[in-house]
Protein chains: 4
Amino acid sequence: MSVNTFGRLLRFTTWGESHGPALGAVVDGCPPGLELSAEAIQPFLDARRPGQSKFTTQRQEPDAVQLLSGVFEGRTTGTPISLLIANVDQRSKDYSDVAKAYRPGHADYAYDAKYGFRDYRGGGRSSARETAARVAAGAVARLVIPEVAILGYVAEIGGDVIDPAHFDAAEIGRNPFFCPDAKAAQRWEKIVDAARLAGSSVGAVAECVASGVPAGWGAPIYGKLDADLAAAMMGINAVKGVEIGDGFAAARLTGEGNADPMRPGNDAPVFTANHAGGIAGGISTGQPVVVRVAFKPTSSILTPVETIDRDGQAAEIRTKGRHDPCVGIRGVPVVEAMMALVLADHKLLHRGQCG
Amino acid sequence: MSVNTFGRLLRFTTWGESHGPALGAVVDGCPPGLELSAEAIQPFLDARRPGQSKFTTQRQEPDAVQLLSGVFEGRTTGTPISLLIANVDQRSKDYSDVAKAYRPGHADYAYDAKYGFRDYRGGGRSSARETAARVAAGAVARLVIPEVAILGYVAEIGGDVIDPAHFDAAEIGRNPFFCPDAKAAQRWEKIVDAARLAGSSVGAVAECVASGVPAGWGAPIYGKLDADLAAAMMGINAVKGVEIGDGFAAARLTGEGNADPMRPGNDAPVFTANHAGGIAGGISTGQPVVVRVAFKPTSSILTPVETIDRDGQAAEIRTKGRHDPCVGIRGVPVVEAMMALVLADHKLLHRGQCG
Amino acid sequence: MSVNTFGRLLRFTTWGESHGPALGAVVDGCPPGLELSAEAIQPFLDARRPGQSKFTTQRQEPDAVQLLSGVFEGRTTGTPISLLIANVDQRSKDYSDVAKAYRPGHADYAYDAKYGFRDYRGGGRSSARETAARVAAGAVARLVIPEVAILGYVAEIGGDVIDPAHFDAAEIGRNPFFCPDAKAAQRWEKIVDAARLAGSSVGAVAECVASGVPAGWGAPIYGKLDADLAAAMMGINAVKGVEIGDGFAAARLTGEGNADPMRPGNDAPVFTANHAGGIAGGISTGQPVVVRVAFKPTSSILTPVETIDRDGQAAEIRTKGRHDPCVGIRGVPVVEAMMALVLADHKLLHRGQCG
Amino acid sequence: MSVNTFGRLLRFTTWGESHGPALGAVVDGCPPGLELSAEAIQPFLDARRPGQSKFTTQRQEPDAVQLLSGVFEGRTTGTPISLLIANVDQRSKDYSDVAKAYRPGHADYAYDAKYGFRDYRGGGRSSARETAARVAAGAVARLVIPEVAILGYVAEIGGDVIDPAHFDAAEIGRNPFFCPDAKAAQRWEKIVDAARLAGSSVGAVAECVASGVPAGWGAPIYGKLDADLAAAMMGINAVKGVEIGDGFAAARLTGEGNADPMRPGNDAPVFTANHAGGIAGGISTGQPVVVRVAFKPTSSILTPVETIDRDGQAAEIRTKGRHDPCVGIRGVPVVEAMMALVLADHKLLHRGQCG
């Protein structure tokens, strides 16, 4: 119920604003005895960290995580794990424009409508900086599901799609786009750089595949694995669509074309297709869990956009300063983190109910 | 946390299986003093009811709802509202095939993997009959949000899309497809009938627009209006994708193309576009809330599909008997119900926190 | 969050009013594969059933439970278990007094203050008839914890306390008071009968001991086993106090006197005392879990009491008709049920987090 | 569900151990626009702070609270409020005794049984230092209910009870016992000092009265105001009993003696008694909400107690070092905080459902 908390048995609560002193996450319900240290969390934060290429925001944040509780002698104790990330590069800036007028596509107007006022510095709580806390929490969740391998990547930028024939997982870490297709990465360099130079932005589609998920995780009817994944992904900043398996493409198939036939296997059945994305009836089938996530283009653009100010008067706004020309790129570590958090939660839930 | 419960302040819990004596919903947290009767709920159930045309399953269920609690002298008392729908047409049938072998695309295998066994009669708990309970609960939710008008319809069947230029809301009730485009309805008649006669099935895309939602409903960060809608919709049987506003199409736009500029209005700002689908930062903006939902083709088909049986041996299965050739059609009243339930819940949540 | 739902992983939701057509409970999260039938639940309802002696209300209710879902071929499926109990003896009565004036000690005024109006027939939702639903749910919970034996009894009526030296568990079922002390039962017969004849009422203290609870159930800090038990018991109609172990008496001991020393044992340590009531730091210690619960005297009495009516005018009210002269007596099966529900829930929670 | 989170709409999550770098609370769901600063929270922490007299532990902790998020320009923004309190006086000490053997009455054995190991330094997570985080959260909750005045005090120490005739609220702040009876305070000085010098400890009973609570807060059946208060209080370290209003004494009254008659009043009815402690049917009546809480004597005593070590072998333990001879004294600010948190939560819940 807590609106800043996600999860059922393994839960995390995040707090903090873009320009406050720090942000953080409290992870509760973690099984005891897992090896955990700040060093083990840091690489995941580093993957999400801004300022690492010209294709992301130039804000410089070390995003060094502190582990304040829940670990003793290097292992989780089963009590809350408090993770804190200091904000370092809150550049002193003139926020008077943003304080007064609403940036279309941002949460400015909605926050004011809801709360009566807002922390306008860098987007306050609605800033994508909050996702650093999720990534830290996700690193904890990964420890809970050592049987699962999670692979996230960008599949499309600005409408330019990767070629499945060129898919190479090893490529993902070799370019600034989390792109598994080396040729696509080259094309995207031009696309994203052009957007950056024009003060514009482009959208992206991320995919995430979790292998090793055993059959049986998930819980009908309102705790379905796919429903929880949908909420997890749709709640990421700038996300506007979520697909499980074939997603919208499934709506264009016939029942025959969409079937995932099964054959006898050794430990588990062998499926000859995975249109379902590894989930049936809200429960994992043992196939890879596949999610696709649509990120809109960054709303912060240099082109002036018609808007209104706090007094309801006509205004125009252009967003100067640091921003990601394609917010979907840095979304990949966040998508992976949310995948880990949902799966870890459902592993514990399943164990709780079914032993 | 309860996996068969949905919602935060306005919550409903459903129960029941396809071939049990009854199914139902308990709605908790409803504001007191609202006029409610079984008669007021029935039309929504009738819209979802099977057996009304040759394009849906021929199972004959009156789906007559009984109101067992929570109403006194015609008004809600603020205590739990228990809604019960008897199962009438549980045709005595030979379920030995389904009992033994897993129907691909269905939850059969996943349920067995999770629970060790399953109620195989008509899909048991995983049957889409469960959605009758949601529709009944949704009728209650509508009373909580009289300021909101909800319009659901099918936008695409078997890849055939409606023409926005022919959109006529009045048309939706005039054909068996909830189709707002009279010409598309004629084409769909052929598509769905062909699938029916072939023992095949087709997918569909439903859309749902909620008008009148004021700015300020929703709650960052893990109680976002769009995240809750995504979970609500993805949890409907056969759904594989959810979009808010432009959804995946937004990923192909530039920041300029995706902007929703604002102008001064009378009571509220006027937006000159609604790419965002009425939600920014997880909070409603006052624009219509727009959701798109992808339904896969019904998994029950006459064509034999390779599968395994409960002992892991190779088998083949074809699903005889009554089923919807396009399960997305009857999904429309369910999508509307879930929209109503999410919005009503967030109205109360917003009132709770912000007064 | 759902206010008519109790529990975390094993949860139940109750619904229904005293004079509606029925009441019931939906139990969610139950492990699959447990043998369950209406017949197995009925004895617990029978123990709580009214009208069985002159010492309880004369309302005649068979309290026959129907099992509407969640069980297939005699075993729980892991899906929601819907339990329904029809109301039979809603005697047609003149409720005009109660409709107009508030009965002190009852929830009449509070319900009106909260909801603006109320179902005044027999107390509506605030009637102790609701506890039948809990008892039915508790019967399910018992199946989840076969290792635990739960023993509830009345330890005190009208200030007259049982003699621990005369404690005989076999005696509890032999008298109409759930009294483990045969001599006390004789004295209580006079006390309760006198109250009954005078149209008065007396209070009671119930105790409940759960043996066989292994060490490790419970969860610090806000899911403590004792805190959940306190909520469970305090939420029973007419309860005004809850103690764990020595309770208030512990506040009068020194640290030495309150210690529960431990010695080596075979499978588990041997404690030489149990002042703590089997719980330390919110977690079970392996000793018997001991709870004491104070029931106020029934508020329904024949003596006229000063009150006000719905218009705020002075009035006087005396409660005619059927009522329990000592509501604590029939509270015993309810206390046992809540104990079972809390323990079963925590067993699953522990298994979820700690495996 | 999160076991380290308390509340429904206004929720707080605490984290941290006695000897970690810090502890804290995240308060979620707070209404926006309330004036809040670290300075406003500090006095409540100071009241609970150790080391202020010889009657409490000599650990020296400034308990200076940092406000890390959720406040902008001095007002709450409606987003999570992160409160952090650094641990300063984690005296380097030899914990080898406690690491090896279980202190009876403490959570040592239970934590090991649950989690497999534990942070033994100063009790780790089970330390009463955690209550500092609750007190900080409670200070936020008080802002939500300006209409309510909360008065907590100690009513009994070591079996010595205050004299209601000498009750003087102004006296509470004038002695180190939160005692409203000057003469009792003098007697307690001797009692507590004797216990301290003997390395022993005594128990206490705290009372807490909330005035100004309007009728209508609370929510039947499993979100009752008294049930939530019972959980809140029973979850405080060392608490073994909770009473609402007359509590166990009510079990010794007749229905006539326990009645709270009502008379017409100006804005609200006048009650001529308050046996019910301001709550009927789980809903506030408008009378003062009265809770009594039993604290056991501190389990840390110098007298050696029989116990076992981690290997199950016989051992003996005496708790040297700093501890409160009467832990109930410093419990008063914690009881007040929990009262504030429960009431604030129910105010929002009521507003959410009933407008």
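## Ground rules

Residues count from 1 along each chain as its sequence is written, while chains are lettered from A and ligands numbered from 1 in the order in which they are written. The model is predicted, with local features needing pLDDT of at least 70 and side-chain atom pairs counting only at pLDDT 80 or more, while totals for chains, interfaces and linings use all residues; side-chain values use heavy atoms, leaving out hydrogens and water.

## Chains A and B

Let's start with how these two chains relate. Chain B can be laid on chain A with an RMSD of 0.0 Å, using a turn of 180 degrees and a shift of 0.0 Å along the axis (a least-squares superposition on the C-alpha atoms of residues with pLDDT of at least 70 in both copies). That is the relation of a two-fold axis. Both copies use the same surface, and 100% of the contact residues of chain B recur in chain A; contact here means heavy atoms within 4.5 Å.

In numbers, 102 residues of chain B are in contact with 102 residues of chain A. The two chains bury about 7,700 Å² between them, with carbon and sulfur atoms giving 63% (buried area is the accessible area, with a 1.4 Å probe, that two parts lose on being put together, summed over both). On the chain B side, B:Lys114, B:Tyr222 and B:Lys240 lose the most area to chain A, together 12% of what that side buries. Chain B and chain A share four salt bridges, each a side-chain nitrogen of Lys or Arg within 4 Å of a carboxyl oxygen of Asp or Glu. A:Glu306 and B:Arg263 meet in a salt bridge through their side chains, at 2.5 Å from N to O. There are also 42 residue pairs in polar contact across the interface of chain B and chain A, both residues at pLDDT 80 or more. A polar contact is a pair of N or O atoms within 3.5 Å; within protein, one must be able to donate a hydrogen and the other to accept it, and residues adjacent in sequence count only if both atoms are side-chain atoms. Helix 3 (residues 108-115) of chain B gives the most to the side of chain B that touches chain A, with six residues. Helices (H or I, at least four residues) and strands (E, at least two) are DSSP runs, numbered from the N terminus.

## Chains A and D

Now for another pairing. Chain D can also be laid on chain A by a turn of 180 degrees and a shift of 0.0 Å along the axis, with an RMSD of 0.0 Å. The same surface serves both copies, since 100% of the contact residues of chain D recur in chain A.

Chain D and chain A each put 40 residues into their contact. About 3,300 Å² is buried between chain D and chain A, 65% of it on carbon and sulfur atoms. D:Trp15, D:Phe72 and D:Phe117 supply 21% of the area that chain D buries against chain A, more than any other three residues. The interface of chain D and chain A has zero salt bridges, but 10 residue pairs there are in polar contact, both at pLDDT 80 or more. Strand 2 (11-16) and helix 3 (108-115) of chain D are among the elements that each supply at least two residues of the side touching chain A. Strand 2 of chain D gives the most to that side, with five residues.

An open sheet is formed by 10 strands in the order 9(C)-8(C)-10(C)-16(C)-11(C)-11(D)-16(D)-10(D)-8(D)-9(D), with antiparallel pairing. Strand 9 (160-161) of chain C and strand 9 (160-161) of chain D stand at the edges, each with a single partner strand, so one side of each is left without a neighbour in the sheet. Two strands count as paired if DSSP finds at least two bridges between them.

Strand 8 (residues 149-157) of chain C pairs with strand 9 of chain C over two bridges, in the antiparallel sense. C:Glu156 stands opposite C:Val161 in strand 9 of chain C. Helix 5 (residues 182-197) of chain C packs on the sheet, touching strand 8 and strand 9 of chain C, and its direction makes about 60 degrees with that of strand 8 of chain C. Such axes are lines fitted to C-alpha atoms, for helices over the stretch in contact, and the angles run from 0 to 180 degrees between N-to-C directions.

Most residues other than glycine have a negative phi, and most peptide bonds are trans. C:Phe178 has a positive phi of about 50 degrees although it is not a glycine, and C:Phe178 is found in the loop between strand 9 and helix 5 of chain C. A cis peptide bond joins A:Pro220 and A:Ile221, with omega about 5 degrees; A:Ile221 lies in the loop between strand 10 (204-211) and helix 6 (225-234) of chain A.
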